[in-house]
Amino acid sequence: MQSEVHWPDAPIELGEVMPDRESVVALLERNAPYLPLGGWFRPDQDDDSPTSRMWFQKTLMGGEVCVEGSEMFVEHAGVLEAMRTFYDAEVIVPHTLFVNLMAGIPDGGPAHTDNPLFRGRDRLNTPMLLLRTMHWSGLFAQWETVQATSIWWMDDVEGGGILFWPDGPHHEPHRHFGAMSNTALVGDNHGMFHQVEPVGPFDQGDYWVTPRAEMGPASDGSGQWAVVDRGAEVYRAALDEIRVSVLLKADVFRDSAQQEQVASDLLSMEDVARIFNQDLKSREIDLVFDLEKVGELPFLAALAAHYKEPRPIGARKSIFE
Ligand SMILES: [Fe+2]
């Protein structure tokens, strides 16, 4: 029997989050251009094929990066307080801030949970599919990094709502849409399924871009924003017609004692193999986790088949289907 997965509480909704839209716009302008969303699930994209929707992204803080002005989100007292409240935790350590800009996307984003991280295992040393299988197995929960996510929306655009499944994937989703401007949802996007709804405009064309496309302020000084793909402008709109969301992720610890205590408790690939093998054996499944096969997709897929990721009910068609 696959272990029970714990579904998180509903996210906390905040209003009037950013006091000064203009400083956010300045931050967005300074950090242009924005590049098409890549994705671990689409490694083979051809640079010259228009196979992506107009979904652009940039990391403002993460790893070595921390751009000037990030602190308006990273140090936002109300958001950090909501993260503490959501988890009933004392220590919040923000580590990633990124921006999504979207327009003209007729289908939803994928219904998904955000990619998991484990102490000692992350995407740099472990295939993403294996990390996800580890999450859905429920066998590695004590090493899984607890992360809070805040999503903030800048303006109300045509479409662009978000579906989320606070009651778990086997119940109907909730929906945040319409009056989203300057609101944020703060919760556990690594445990709760969520899905971006289609983003307008819906009646101006069918937009596809190559991985080389860029979105940023138009170069003619009009104040509008534009998408330029291989030298040609393919889209243009006022910034307030583009769905802008800013995501902040933070590690969460009950208190500093717990933070210190778990720091040295790292999961090795040998641990992963041993724990999976114990579980496979106890479930009488004829599959052995072989360390030699960790890089092989057929093996990872066979393993994943025994620890299924649920498909949430009420999910919309995704641009990746
Ligand atoms: Fe997400």
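Arg 230 counts as partly exposed, because its relative accessibility is 47%, between the 20% and 50% limits. Its phi is near 50°, a positive value in a residue other than glycine. Arg 230 is found in the loop between strand S12 (225-229) and strand S13 (232-237). The model described here is predicted. The points below cover backbone geometry, an iron site and a pair of packed helices.

**Backbone: positive phi**

- Most residues other than glycine have a negative phi.
- Asn 182 is not a glycine, yet its phi is positive, at about 65°.
- The loop that holds Asn 182 runs between strand S8 (174-176) and strand S9 (184-187).
- Asn 182 counts as buried because its relative accessibility is 13%, and buried means under 20%.

**Backbone: cis peptide bonds**

- Most peptide bonds are trans.
- The bond from Ala 32 to Pro 33 is cis, with omega near 0°.
- Pro 33 sits in the loop between helix H1 (21-30) and strand S2 (35-36).
- Gly 200 and Pro 201 are also joined by a cis peptide bond, with omega about 0°.
- Pro 201 belongs to the loop between strand S10 (194-196) and strand S11 (214-217).

**Iron site**

- The iron ion has three residues as its protein donors: His 112 through NE2, Asp 114 through OD and His 194 through NE2.
- These donors lie 2.1 to 2.2 Å from the iron ion.
- Along the sequence, the donor residues follow the spacing H-x1-D-x79-H.
- His 112 has a relative accessibility of 23%, so it counts as partly exposed.
- Asp 114 has a relative accessibility of 10%, so it counts as buried.

**Packing of helices H4 and H6**

- Two packed helices are described by the angle between their axes and the distance between the axes.
- Helix H4 (residues 128-137) packs against helix H6 (residues 269-282) at an angle of about 45°, and the axes are 12 Å apart.
- That angle makes H4 oblique to H6, because it falls between the limit of 35 degrees for roughly parallel and the 65 degrees at which roughly perpendicular begins.
- The crossing of H4 past H6 is left-handed.
- On the H4 side, the residues that meet H6 are Leu 130, Thr 133, Met 134 and Ser 137.
- On the H6 side, Met 269, Val 272 and Phe 276 take part.
- Of the residues in this contact of H4 with H6, five are nonpolar, two are polar and none is charged.

Note on methods: Residues are numbered from 1 along each chain as its sequence is written. This is a predicted model: local features need pLDDT of at least 70, side-chain atom pairs count only at pLDDT 80 or more; totals for chains, interfaces and linings use all residues. Side-chain values use heavy atoms; hydrogens and water are left out. Donors are N, O and S atoms within 2.8 Å of the metal (3.2 Å for Na, K and Ca); water is not among the atoms, so sites may look incomplete. Buried means under 20% relative accessible area, exposed over 50%, partly exposed in between (1.4 Å probe, protein chains only). Helices (H or I, at least four residues) and strands (E, at least two) are DSSP runs, numbered from the N terminus. Axes are lines fitted to C-alpha atoms, for helices over the stretch in contact, and angles run from 0 to 180 degrees between N-to-C directions. Angles under 35 degrees count as roughly parallel, over 145 as roughly antiparallel, 65 to 115 as roughly perpendicular and the rest as oblique. A crossing is left-handed if the near helix is turned anticlockwise from the far one by less than a right angle, and right-handed if clockwise. Contact means heavy atoms within 4.5 Å. Ala, Val, Leu, Ile, Met, Phe, Trp, Tyr, Cys and Pro count as nonpolar, Asp, Glu, Lys and Arg as charged, and the others, Gly among them, as polar.
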